[in-house]
Amino acid sequence: MKKIISILLVGAALTLSGCASFGAAEIRSEPSGAQVVDAKTGVLLGVTPVVVTWREDGESRKFVNIRVQKSGYEDKTNSFWVTLRHDSREKAKKDPQSVKMTLEKLK
């Protein structure tokens with residue numbers, strides 16, 4: 001019986017170590033209404049204010065590089081680490097990291 005329990009515990013630990021972890025960032029800009037773009041892929045992530053989530057398997061954090069752009073303002077980039085501390089996307093959205101960016105008017 002002890003051997004079966006030990007095998008089950010090891011299996012559970014291996015399963016958990018490969019589970020996905022989620023993190024989120026609430027990205028705000030001044031002024032609001034700016035597009036948030038993944039600087040690496042060019043994918044639009046949303047329009048500020050926006051909560052963006054990320055998912056990685058077996059990781060505790062993720063390096064993110066974004067570009068924020070709005071017509072009439074200079075584009076601005078920002079890089080930061082997102083802590084992947086949640087076991088679901090919903091939990092991550094309820095507890096996002098805060099990222100605020102101020103855009104400068106074009107001259």
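A salt bridge is a side-chain nitrogen of Lys or Arg lying within 4 Å of a carboxyl oxygen of Asp or Glu. Side chains of opposite charge can pair when their charged atoms come close. The structure shown above is a predicted model, in which local features need pLDDT of at least 70 and side-chain atom pairs count only at pLDDT 80 or more, while totals for chains, interfaces and linings use all residues. Residues are numbered from 1 along each chain as its sequence is written, and side-chain values use heavy atoms, with hydrogens and water left out.

**Salt bridges**

The structure holds four salt bridges, and the table gives the N to O distance for some of them, including the bridge between Asp57 and Arg55.

| Asp57 | Arg55 | 3.4 Å |

Helices (H or I, at least four residues) and strands (E, at least two residues) are DSSP runs, numbered from the N terminus.

**Exposure of the paired residues**

A residue is called buried when its relative accessible area is under 20%, exposed when it is over 50%, and partly exposed in between, using a 1.4 Å probe and protein chains only. In the second pair, Glu56 counts as partly exposed at 25%, and Lys62 is partly exposed at 24%. Asp95, with a relative accessible area of 36%, is partly exposed, as is Arg85 with 42%.

**Strand β1 and its neighbours**

Strand β1 covers residues 20-30, and eight of its eleven residues are buried, so this strand is largely enclosed by the rest of the structure. Two strands are said to pair if DSSP finds at least two bridges between them. Eight bridges join β1 to strand β4 (residues 50-57), and these two strands run antiparallel; here Gly23 stands opposite Trp54 in β4. Strand β1 is also joined to β7, by six bridges, and in this case the strands run parallel, with Ile27 standing opposite Val99 in β7.
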